[in-house]
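Please read it alongside the sequence and the coordinates.

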Amino acid sequence: MMRTRPLKVALLGCGVVGSEVARIMTTDAADLAARIGAPVELVGVAVRRAGRPRPGVPEHLITTDAESLVNRGDIDVVIEVVGGIEPSKHLILSAFRKGASVVSANKALLAKDGTELHAAAAEAGVDLYYEAAVAGAIPLIRPLRESLAGDRVNRVLGIVNGTTNFILDKMDTTGAGYSEALEEATALGYAEADPTADVEGFDAAAKAAILAGIAFHTKVTAADVYREGLTEVTAADIASAKQMGCVVKLLAICERAADGESVTARVHPAMIPLSHPLASVREAYNAVFVEAEAAGRLMFYGPGAGGAPTASAVLGDLVAVCRNKLAGATGPGDSVYTQLPAKPMDEVITRYHVSLDVDDRAGVLAQVASVFAEHGVSIDTVRQQGRDGDASLVVVTHRATDAALSATVDKLRALDSVRDVASIMRVEGE
């Protein structure tokens, strides 16, 4: 039998995502009530500035006083889609103290202070859900937190930023340079006016921290994630990848060490073979591979951003926490029992693609090869092209540490025969 008294919901933020949440809560109210077992009532929408047209959002619900809305005392669930660290963190903690569960899409806050927020929610006996913080509409957090709770996850590898995937896809399919591809992404609304968070990898790094923490049951913050953006990726890099039968993607990679004593989390461009499923992820889509001991390899794919897709994830969480409210229970909280340290990037082992501009004369290849050997970096393949006294030398290594590769490159730069280290890129997915 359905409860007649509604569960009251406060919405913080009414931008692209928030407005979609409010619209769906209104248009699909009967369906949401049937799924939850009680009606849900949107009782207030906090915004930074009132007066702007917000189609589908009743004007009487709009307020600029988020503090008062959260502290009303009768709110069952707070939905936070404001973003940023403050005032979002303060408002979420206030909601917990008032007994409200929280649904958030705030990846930056969760990657920085997720452990503190989980502890506050547990102390208050309420829920903190955040499916929408990673990969938009793709169900990923809940499968990791619940469906795979009985398994051992060893690796999470994926494309978690639609803007950068769109840019790299355009560079690959049209031959455009980075600036041209970014301009197109901006014109189509995939990139913000200031795209720094996306193209420098900050967005993906926050998501990687969240995924690593959940997958490996340990505390991982954004500060633990090695980060490289894609601003240095050139058309020449894309062409080199094609010659190798590869494509360049900005990847988030979270791994448990083979000895089980540490974890790594990193975000950087990498070449992956065309045979890998991630190579076919086009436009602004996201895809994530999860590798678990019993389940094997699982792939999650779909739209990773946008108002409606992200609102779908928010509303899925809303249904879950409302059901918990009615049952007088809470869902799974933070699980950090392993307390595994994050390994620094210098110790991470991977493969590398190194492109060198060298003199086109006898003995150069042997000289370069000896430098790799000196630092314990074995060579998998070498490709050399020469013309009019200049040559390009492309070396693909076997697996080596980042520290060993860095020392190798430093020594290569000192050689008279090496005119420039044109590019260095990691090779993944093999």
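In this predicted model, Tyr285, Met299 and Tyr301 make up a nonpolar patch on the surface, and their accessible area together comes to about 300 Å². Tyr301 belongs to strand S12, which covers residues 296-303, and with a relative accessibility of 48% this residue counts as partly exposed.

**Aromatic pairs**
- The structure holds 2 aromatic pairs, and one of them joins Phe166 and Tyr190 in a tilted arrangement, with 4.8 Å centre to centre and 40 degrees between the planes.
- This pair links distant parts of the chain, since Phe166 sits in helix H7 (residues 162-174) and Tyr190, 24 residues apart from it, in the loop between helix H8 (178-187) and helix H9 (196-199).
- Phe166 is buried at a relative accessible area of 1%, whereas Tyr190 is partly exposed at 36%.
- The rings of Tyr285 and Tyr301 count as stacked because their centres are 5.3 Å apart and their planes lie at 10 degrees.

**Charges over rings**
- Arg145 lies over the face of Tyr129, at 5.0 Å from the ring centre.
- Arg227 places its charged end over the ring of Phe202, 3.8 Å from the centre of that ring.

**Helix H4**
- Helix H4 (residues 88-97) is largely enclosed by the rest of the structure, because 8 of its 10 residues are buried.
- The buried residues of H4 include Lys89, Leu91 and Phe96, and among the elements that cover them are strand S1 (7-12) and helix H5 (107-124).

Methods
Residues are numbered from 1 along each chain as its sequence is written. This is a predicted model: local features need pLDDT of at least 70, side-chain atom pairs count only at pLDDT 80 or more; totals for chains, interfaces and linings use all residues. Side-chain values use heavy atoms; hydrogens and water are left out. Patches are made of residues with over 30% relative accessible area and no salt bridge: like charges are joined within 9 Å, nonpolar side chains (Val, Leu, Ile, Met, Phe, Trp, Tyr) within 5 Å. Accessible areas come from the Shrake-Rupley method with a 1.4 Å probe; for residues, only the protein chains shown count as cover. A salt bridge is a side-chain nitrogen of Lys or Arg within 4 Å of a carboxyl oxygen of Asp or Glu. Helices (H or I, at least four residues) and strands (E, at least two) are DSSP runs, numbered from the N terminus. Buried means under 20% relative accessible area, exposed over 50%, partly exposed in between (1.4 Å probe, protein chains only). Contact means heavy atoms within 4.5 Å. Rings of Phe, Tyr and Trp (its six-membered ring) pair if their centres lie within 6.5 Å; planes under 30 degrees apart count as stacked, over 60 as edge-to-face and the rest as tilted. A charge sits over a ring if NZ of Lys or CZ of Arg is within 6 Å of the ring centre and within 35 degrees of the ring normal.
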